[in-house]
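Please keep the coordinates at hand while following the text.

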Amino acid sequence: MVGQILFIFIAVVTLLMALGVVVARNLFHAALFLVGVFFGVATLFILLEAEFLAMAQIVIYIGAIATLIVFAIMLSRGMMGKHLGKYNKQWYFAGGAMIFFFGLVSWLLVKMPFAPVSAEAPADAIQQIGSGFVGHYVVPFEVASVLLLVALVGAIMLARERNS
Amino acid sequence: MSESIFNLTWLIPLPTALAFFAIILFANPKKRLSSKIAVGGVIIAWILSWAVAIMFFVNPEFTEQPFDLAVPWIPMGNIVFHMGVAVDAVTAGMLFMVGFVLTMIFIYSTGYMSFPGHLDPEKYPDAAKEGLDPRYSRFFAYISLFATGMLGLVVADNLLMLFIFWEIMGLCSYLLIGFWFDKSYPDPKQITPKAAGLKAFLTTRVGDVLFMMGLIFLFIHAGDLNFQNIFANQEFLHELSTTTVNLPFFGAVTWAGLISMLIFWGAIGKSAQFPLHVWLPDAMEGPTPVSALIHAATMVSAGVYLIVRMSPLFSAAAHGGSGVMMFVAFIGAFTALFAATIAVAQKDIKKVLAYSTISQLGYMFAALGIGAWVAAIIHLLIHAFFKSLLFMGSGSVIHGVHHGHEHAHAHGHGEGGHEEYFDPQDMFNMGGLLKRMPITGWTFIIGGASLSAFPLITAGFWSKDEILAHAWADGHMAVYWTLAAGAFLTAFYTFRQIFLTFFGSPRTEAAEHAPESVRSMTWPLVALAFFALFGGFVAVPVDFPVVGGLASDFLAKLMEMQGEFYGLHVAPARFDWTPALISMTLALSGIVVAWLVYGWKPLKAKQSDPLRRWLGPVYTVLENKYYFDELYYFIAVRPTLWLASFFYLFDRGVIDRIVNWVGAFNRWLARTLRRWIDEYIIDGAVNGVGLVTTWTGAVVRLIQTGQAQNYLLILLLSVVILLLLIPFGS
Amino acid sequence: MTVPLSWYLIFATALFSLGFFGVLSRRNAVAVLMGVELMLNAVNVNLVAFWRYLTPTDLSGQIFVVFVFTVAAAEAAVGLALMISIYRTRKTINVEEINALKH
Amino acid sequence: MNVLEILRLLAPEFILLITGFAVIGVDLARRRQDEGKTAATVAVMGLLLAALASVWLYLGHPGEIVLFTMAIDVYGLFFKTAAFIGVALVIIASVNFMAGRSKYLGEFYALLVFAALAISVVVSASNLILIYIGIEFLSITSYILAGFLRGDKRSEEAAIKYFLYGASAGAILLFGLSILYGVTGTTDLATIGDLLLRSRSAHWLGLVALMMALAGIGYKASLVPFHQWAPDTYDGAPTPVSAFLSTASKAAGFAVLGRVILTAFPQLQPDWTQILGAIAVLTMFLGNLTALKQKSVKRMLAYSSIGQAGYILLGLVAVNQSGNFGGMNGLMIYLFGYIFTNVGAFLLLLAIEQKSGGSTDISQFKGLATRSPALALIMAMFMLSLAGVPPTVGFLGKFYVFAAVMNQQMLVLGALAAVNTIIAAFYYLNVIRHMYFSESEVEGGVMASRGLMTVLVVNAVMVLAIGIFAQFFMTWVNNSVSMIIANGF
């Protein structure tokens, strides 16, 4: 019961902050809301007993997103004309479509006959994740590291100052 | 010995293919060299073809076991598709004709492709000085590739290869019809070479797609497309004619019926039969050697050749209760008469021949439809000789009149000052040319006599008579009388042409000064005239009085044996006086009537066709080719137009315009229709493409907005729609 | 485990829809990118919930999430770099105005 | 499985990984001295070596799962070989083009090599996690490549549109994969297939996942309605990149789609046959009708490559157990030939752009036959192959695909595809018409650099050679098909 109330509280707060991300006119505020959402999701991970992921979410993700905020502030100064609204022309249509999408997909998911098993989460989850990376999922792991490298090289190349 | 000669068969299409590449890649700037390469290539191909053909003719026992040489090509699971070459009697006959006619036309072209009159000599000073077409080399490259296509088609041992070469020819035809793409006419309604090429390509493409569907069905059933393997296999054909398939609208039809019907549409397109005949007359916009080569002797007859090959399947389909043979006969006979009536009212010397070609091909299909297999083949071969002769003769006439026109102009014989557009192809601008161009004239008369089936002494008589005799003997009276009526008209329009062109006195300055053509153009005419006269003595019925004993029927015999191999029962019709006399009478009376109208009292300059007076509105209908282009405009283009206008309105936003909708719509429609009719009435269906483009343009503007977020919205909506498609009930 | 699985799934769908709405309607490209991040987070919730409720002994679900982190970081880096590059050329990162290529 | 065995089976991937780093290293050492020629050479050598390695592996007919997530089978190796060759050709042709346009040539070639690596991984991936990360790897590399010409408005716009579309489609794909994981509790494709096969109620559960995954994979293959990024991106991206995106990258999309639906969803065949059939028809009509309208040849090719995707998809729609007209062999030979044809057609535009200063308007092609006969002939060959005129490889592919469709008695589908062939012929021939039937509006011949000319000639020869020596290539293709069919379907 306590768990349910806790979940509802976190969920509602997180969704409100997510709403904040998409409605905030000021990009800086939006970014702060985004950090809030990440925190909320991290707490849900804890509720789900995925402590490692919660930690990763906070340390890595929010750490990375801090950069995003800096960029956002740096870039957004004066680049969006003040007279322009924050939404494009199709926003009301998009909103309607999204509500429909939400209704449809959540209905589908609720209708799905999932069969939960009531087992304990393994105590050595972190260890198992670690061995997963060098064992069963070694190929995706290596690919991910190359992917990060490529993204880094590409991002530096694209964003570097031009000295023409 | 003979076997080893047949092993050369696969080489036959090669020399011209090599010539094509050599010209395109290396010899393009050197015009004379290019033509020498092309002629050299075709002569080698000719020698090879005749070697193979004659070897077959002297060893008729090969009909029992035709030659086939194949290598594996496309593997499909446990079946391997082979490609190769085969020689049977039909191939041998075709090789004999194609090799020779190709060579004659190549040689003729070296003379014909001089500097064309529609070009401005100041724009092409070099070409004008040499007196050769600025794209002389390219012309020879194209016709070399075309020759490869035709020779390959004839020696192919399976339907897929035939189809491939068929498409190559289609492409060359397109390129060659549009060869003088820079030509335009003062009359905007007259079709230009560019548009004519496109029209030909798209119209034949309709047939080709159906052909390919038939081919694939046949392949799925047989696991093979080799002619000998499929068509000499009676069990398979029987099975195909007894199993059925359910089609929407048509109900249950046999596979044999469906496949042969689909393939027949390929032939209808290629051989310009009703209702896909509209492209061939416009194809006359190509240089005349092209008309002779592609649109008379070889490519258009490939459709007949295809049905000749497919005949075992057609006859199996007929046994299985399918009406496809009747359909072939009907289309053939109808086209034969229909095209002949149009030819009567044409004034362009080449258009007459174009409609005559459509009509003669109709005779061949009619023959195939009633089971007169041998007669169809022989008429196919002989027609090629005299029709290419006639076309090249007309080319020579056009050349002469054109030169005469220029001569008259240069020496001030003309009316002086600016003259209106002079059409060197209009027969009413000619007259009395026999004196000025004797070789051209006499060979043309020989060809014309052959086309008119002048009794006994011309080849055309023997081949056409055989078809009529067959129709009579087998009791196909409707076909017989239709074709007989066509024969009368054929004789009439042919001699109308001859009288208008060669007799009487010159009706223009140009005709008065027309010189005889150069030797490279005249002697191919003489060579072809030989075959137009004597070619028929390979198929004289033995029981024909007097002549039957003197001449030979070896080719007919050979084809008959070959037909037996494919399970076709094609014994020649017994000689019968009644149909023979009727057809002779009709041919002769056609000539006499033509003489009465045009020969007895030759037309004066600027005098209009007396037929116009006598036939009245009928003449106008014929002159306008039964308004077929216009009909296609109404059934194909107009609906598209309506659709386009609908979408146009939709695009503009129906709701805020609803108030003055009626008025705006009417005004807009009237204006647009007028504009479109002006632009499109000539090209008919072909230009429907333009409308589709306009319409899609509007749609594209709606969806491809350049806005990434619009795209993403469509992505989301698509996912939603896909999710809604899921059948949740199960 | 007093919370039913479907609550997590509905929460994730709602988060996903909000994120997608941001992608579809925000003018600023950086804000659009934030929407993408929301969507990826939503799926992570899905994955972790599935892991916990259905296959708690097999950690594939959690591992999947770690890979999504990686992809999200890489995507954000490249996306921001592109936006900087565009901003230099056009002095705007309004998604609506980037529409020279069309039809 | 010991280390040597793993090294052997993953040799193409290792070779590409090393090549990628080597290219960057070489370029750092020799920057600005040779306009990237050394880097390009290393990249091409690596790619060809990797292609050789995959052919060598292919000949051993492997069929095993390496390191739990990579299915090294002939199906994947076929696509690898084709993609590696395609990328190598793109690199050779772009040396001259890129030299004047960017300073970061080493990175450019390295990125292309890494893109090839991504394709190599993704076509073999037999696990949801690897599929996702492989597709994202390919996407992210492609975004950078599309926006490679910094400061060029069109290139940047192409990249940002592709990025926004790809990131969203990727998220939808991920959502679908998460449902699939939830329904089956596993990330292994073959196991998913087994589980879905056994469970009766799994029917629509699987479909929900499939529909979402379709969006995420279908956009890579530019299937309508997930195609809209493609015309803009192909048009704006540097031409060699467009050539890559419209061929090798698209082939990877088809490979993944084929593997996913054939191994994980075989039991849903009646459903996806209908849906994919409808998508194929939409794709053909939209691509072809829109291509009719285009004035720029580059944009025409962009739309035409969407139309071509529709034909390719027909092979998957008509997929069946019949070894003779299985559909899959049609898809593969079509793609294989299409890679050569379309890479060639796009790269030929490089020469045109060089001459015109960036424009690929159809008027630039007028009278090309007189100005540059060799280029005109090669372009004509590509156009004919795209139009499906025999004896080019385009015809062969269409023939197989049509045969499969007809064999499944999908007559309406066959007829609609046939109608599209006619429409498409019109605009492909339009290019030929302008090259051969029009007076030049531009003076002077079009020059192609030595590298570009080599690539064009190789492509033109292949377009003809595959069509003519079909026996050799089709044996190759049929083997690949028999393997995937034995595996899952």
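**Helix packing, an interface and local backbone features**

The buried residues of helix H1 of chain A pack against helix H2 (27-47) of chain A, and also against helix H1 (5-25) and helix H2 (29-54) of chain C. This is a predicted model. The buried positions of H1(A) are A:Gln4, A:Phe7, A:Ile10, A:Ala11, A:Thr14, A:Ala18, A:Gly20, A:Val21 and A:Val22. H1(A) covers residues 2-23, and at 1.5 Å a residue its 22 residues should span 32 Å; the end C-alpha atoms lie 31 Å apart, which agrees.

The contact between the two chains involves 84 residues of chain A and 71 residues of chain C. Together the chains bury about 7200 Å², of which 76% is on carbon and sulfur atoms. On the side of chain C, the residues that lose the most area to chain A are C:Arg26, C:Arg27 and C:Met34, which together account for 10% of what that side buries.

Polar interactions also cross this interface. Between chain C and chain A, 15 residue pairs are in polar contact. H1, H2 and helix H3 (60-90) of chain C each supply at least two residues of the side that touches chain A. H3(C) provides the largest share of that side, 21 residues. By class, the side comprises 46 nonpolar, 17 polar and 8 charged residues.

The rule finds 1 salt bridge across the interface of chain C and chain A. In a salt bridge, the side chains of C:Arg52 and A:Glu49 meet at 3.1 Å, N to O. A:Glu49 sits in the loop between H2 and helix H3 (51-76) of chain A. Its phi is near 65°, a positive value in a residue other than glycine. With a relative accessible area of 30%, A:Glu49 is partly exposed, because it falls between the cut-offs of 20% for buried and 50% for exposed.

Most residues other than glycine have a negative phi, and most peptide bonds are trans. D:Phe68, although not a glycine, has a positive phi of about 70°. D:Phe68 is placed in the loop between strand E1 (63-66) and strand E2 (70-73) of chain D, and its 42% relative accessibility makes it partly exposed. A cis peptide bond, with omega about 5°, joins D:Val224 and D:Pro225. D:Pro225 belongs to the loop between helix H9 (202-218) and helix H10 (229-236) of chain D.

Helix H12 of chain D spans residues 269-293. Its 25 residues should span 36 Å at 1.5 Å a residue, and its end C-alpha atoms are 36 Å apart, which agrees. H12(D) is mostly covered, with 18 of its 25 residues buried.

Key:
Residues are numbered from 1 along each chain as its sequence is written. Chains are lettered from A and ligands numbered from 1 in the order in which they are written. This is a predicted model: local features need pLDDT of at least 70, side-chain atom pairs count only at pLDDT 80 or more; totals for chains, interfaces and linings use all residues. Side-chain values use heavy atoms; hydrogens and water are left out. Helices (H or I, at least four residues) and strands (E, at least two) are DSSP runs, numbered from the N terminus. The expected span of a helix is 1.5 Å times one less than its number of residues. Buried means under 20% relative accessible area, exposed over 50%, partly exposed in between (1.4 Å probe, protein chains only). Contact means heavy atoms within 4.5 Å. Buried area is the accessible area (1.4 Å probe) that two parts lose on being put together, summed over both. A salt bridge is a side-chain nitrogen of Lys or Arg within 4 Å of a carboxyl oxygen of Asp or Glu. A polar contact is a pair of N or O atoms within 3.5 Å; within protein, one must be able to donate a hydrogen and the other to accept it, and residues adjacent in sequence count only if both atoms are side-chain atoms. Ala, Val, Leu, Ile, Met, Phe, Trp, Tyr, Cys and Pro count as nonpolar, Asp, Glu, Lys and Arg as charged, and the others, Gly among them, as polar.
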